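Q: Please take a close look at a single part of this structure and describe it for a reader who is new to it. A connected account of the surroundings would also be welcome.

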Amino acid sequence: MTHADLVLTGGPIFTADPARTRATSLAVTGERITAVGHDEVRELIGPRTEVVDLAGRMLVPGFQDAHLHAVYGGTELGECDLSGTVGAAEYLPLIRAFAEAHPDRAWITGSGWSMESFEGGRPTRQLLDSVVPDRPVYLLNRDHHGAWANTRALELAGLTRETPDPADGRIEREPDGTPSGMLQEGATGLVARLVPPTTAADRLAGLLRAQQLLHSLGVTGWQDALLGVFNGQPDPSDAYLAAARAGTLTARVTGALWWERERGAEQIPELVARRAEATHGRFRSTSVKIMQDGIAENFTAALTAPYLDGCGCATANSGLSFVDPVALRSYVTELDALGFQVHFHALGDRAVREALDAVEAARAANGRRATRHHLAHLQVVHPQDVPRFAALGAIANIQPLWAAHEPQMDELTIPFLGPERAGWQYPFGDLLRSGATLAAGSDWPVSSPDPIAGIHVAVNRMEPGATDGRVFLPEQRLDLGTALTAYTAGSAHVNGHDDAGTLRAGALADLVLLDRDPFAGRAEEIAATRVLRTWVGGELVHAAG
C-alpha cells in the first residue's frame with residue numbers, strides 16, 4: 001500500500017462531484033487526490049502522512065474566479081484606494097493624504113469611488129482641485145468604466161469644450177460644454193494615455209500581491225479578463241509569464257486576450273501568435289475577451305429599447321454596441337474555428353442577444369466544439385434569450401455580488417430601466433432552471449474578490465450585513481450547493497481546468513478548508529464563513545494566522 005502525503009478527515013467534504021456529493025475523508029499523494037470517502041481513507045495514513053483533523057469544518061474544492069483582473073487589482077492596492085469608503089466627504093481627505101504622502105509622484109492615480117456618492121453619478125473636477133490643484137489626478141471608479149479627473153489632468157490631455165466625444169465613450173460636460181471632470185467608457189483613454197505606465201516590476205509585484213490575497217480567500221485559479229493594451233496601460237501578460245517562468249505563479253490562470261474594438265478580423269493572426277507566446281506552465285492564454293457593451297449606470301449597456309429619463313419617459317439612447325453585431329458573428333466564428341474560447345462582456349439585453357447570435361453563428365458554421373464560450377455580467381437578459389444559453393452551450397458567467405439592493409442599483413439603475421426590465425436583472429435562477437451551466441466570478445477590482453461574499457449574495461440576493469430585509473428578485477436566488485458549484489466546478493470548466501474544481505480521485509488537489517460547515521447554519525450567516533487553509537496541487541499556499 002502506498003501511503004498518502006496528506007489526509008484530511010473528520011468533517012464534511014463538499015466534493016462538487018455528482019457521483020459523490022459528500023464525504024468525510026480525503027487523501028492526497030503528490031499533487032493529486034488519491035481517495036475520497038469515509039473511514040476507509042484513513043488506511044492510507046502512514047508514518048510520514050500529514051493528517052489534518054477537519055473537526056467538523058468543511059473542506060471544499062479550490063474556488064476559481066471566471067472573471068477578474070488580478071494584475072490591475074494588485075497594482076491598484078498600492079495606489080490611492082477609495083474602495084473602502086463611500087461619499088465625497090470621505091474621499092477628499094484620503095486623496096489629499098495620499099498626495100501629501102507621495103510628493104514625488106507626477107500623477108495621483110487610484111480607483112474605487114462609487115457613482116452613487118455624487119449627484120447623478122458624476123463627480124466634478126472642482127472637487128479634486130480643492131485637494132490637489134497642482135498635479136494631475138486620475139481616479140477610476142469602482143466599476144472601471146469611468147474616471148474622475150481634475151482640471152490639471154484635463155488641461156494636459158487638451159480636453160476643451162470643442163473636444164468631440166469618442167465613438168465608444170462620453171465626456172461629461174458643464175453647461176457651456178467645458179469637460180466637467182467625469183469621463184465615461186472610451187473617453188477615459190483621452191486622459192489615461194498620459195498617465196505614466198506601470199513598469200514590468202510594478203506589474204509583477206501587483207500580480208504577486210493579488211495572488212497572495214486571492215489564495216487567502218480560497219481562490220486557486222482564475223481567468224484574467226483583459227490581457228492587452230487598454231486605455232494606455234500596458235499588457236499585463238508579462239507579469240504572468242515572469243511569474244510562471246520563475247515558479248512563483250502558484251495559481252492556475254487562463255488569460256483572455258483583449259479584442260481591440262476599433263479593429264476587425266485582421267487582428268486574429270496576432271491573437272494566434274500571442275496565444276503561443278503567452279503560455280507557460282500554469283499560465284495559458286486560450287481565451288479572447290470581446291467587450292460588447294458598457295454598463296447600465298452610465299447608460300452605455302446595450303439595451304433592446306431606450307433608457308428612461310428621470311421622469312420615466314423614453315430617451316433616444318439605447319446604449320452602445322462596441323463591436324458591430326453582424327461583424328461579431330464572423331469574428332466569433334473564425335475564433336471558434338481556431339480553438340479560441342470567446343469571453344464576452346455582455347451586460348445589457350441587446351449585448352447578450354448579440355453575443356448569443358454570434359455563438360449561434362459559430363455553432364452553425366463549425367458544429368459544437370469544446371470552446372466553452374461564456375457571457376459575463378448578464379445584468380439584463382431578455383426572457384426570450386434565457387433558454388438559448390443551454391441550447392447553444394453558452395456558459396452563464398455570473399457576478400453575484402451585484403445582484404442586490406444597494407444605492408447604485410436603486411438610484412442609478414432601476415429608475416432608468418423601468419419596472420419590467422428591472423425584473424430581468426441577474427436571472428440566476430431562471431438560467432439554472434433552463435439548463436444553463438453557471439460559472440462565477442468577481443470582476444475584481446470592480447468588486448470584492450471574496451467568493452464567500454459572492455456565494456452569500458447568490459443565495460440571499462442581499463448584501464452581507466444588509467438589515468433592511470429587502471431581497472432583490474427573490475425568485476432568482478440559488479441554493480447553497482449550486483452557488484458553491486458555480487464557484488468551483490463551473491468556473492474550473494470555463495477556465496479549461498478539467499482536472500480541478502471537484503474533489504474526486506485523480507483530480508488535482510486544489511483544496512480549501514473553511515472554518516465551518518455553511519450548510520449547517522442559516523443562509524443569512526454564509527458571509528461569516530472564513531478560509532483557514534488553501535492548497536494548490538497539494539501545496540499549502542495559505543494558512544490563516
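A: The model is a predicted one. With a relative accessible area of 2%, Thr 300 is buried, because buried means under 20% relative accessible area. The side chain of Thr 300 forms a polar contact, at 2.5 Å, with the side chain of Asn 298. Leaving aside residues up to four places away in sequence, Thr 300 touches Arg 170, Glu 185, Asp 293, Gly 294, Ile 295, Tyr 307, Gly 319 and Leu 320.

Helix α9 spans residues 325-337, and its axis comes within 8 Å of the axis of helix α10 (residues 349-366), the two crossing at roughly 45 degrees. That angle makes α9 oblique to α10. The crossing of these two helices, α9 and α10, is right-handed.

On the α9 side, the residues in contact are Pro 325, Leu 328, Arg 329, Val 332, Thr 333, Asp 336 and Ala 337. They meet residues of α10, among them Glu 354, Ala 355, Asp 357, Ala 358, Val 359 and Arg 363. Sorted by class, the contact of α9 with α10 has 10 nonpolar, 2 polar and 5 charged residues.

Note on methods: Residues are numbered from 1 along each chain as its sequence is written. This is a predicted model: local features need pLDDT of at least 70, side-chain atom pairs count only at pLDDT 80 or more; totals for chains, interfaces and linings use all residues. Side-chain values use heavy atoms; hydrogens and water are left out. Axes are lines fitted to C-alpha atoms, for helices over the stretch in contact, and angles run from 0 to 180 degrees between N-to-C directions. Helices (H or I, at least four residues) and strands (E, at least two) are DSSP runs, numbered from the N terminus. Angles under 35 degrees count as roughly parallel, over 145 as roughly antiparallel, 65 to 115 as roughly perpendicular and the rest as oblique. A crossing is left-handed if the near helix is turned anticlockwise from the far one by less than a right angle, and right-handed if clockwise. Contact means heavy atoms within 4.5 Å. Ala, Val, Leu, Ile, Met, Phe, Trp, Tyr, Cys and Pro count as nonpolar, Asp, Glu, Lys and Arg as charged, and the others, Gly among them, as polar. Buried means under 20% relative accessible area, exposed over 50%, partly exposed in between (1.4 Å probe, protein chains only). A polar contact is a pair of N or O atoms within 3.5 Å; within protein, one must be able to donate a hydrogen and the other to accept it, and residues adjacent in sequence count only if both atoms are side-chain atoms.
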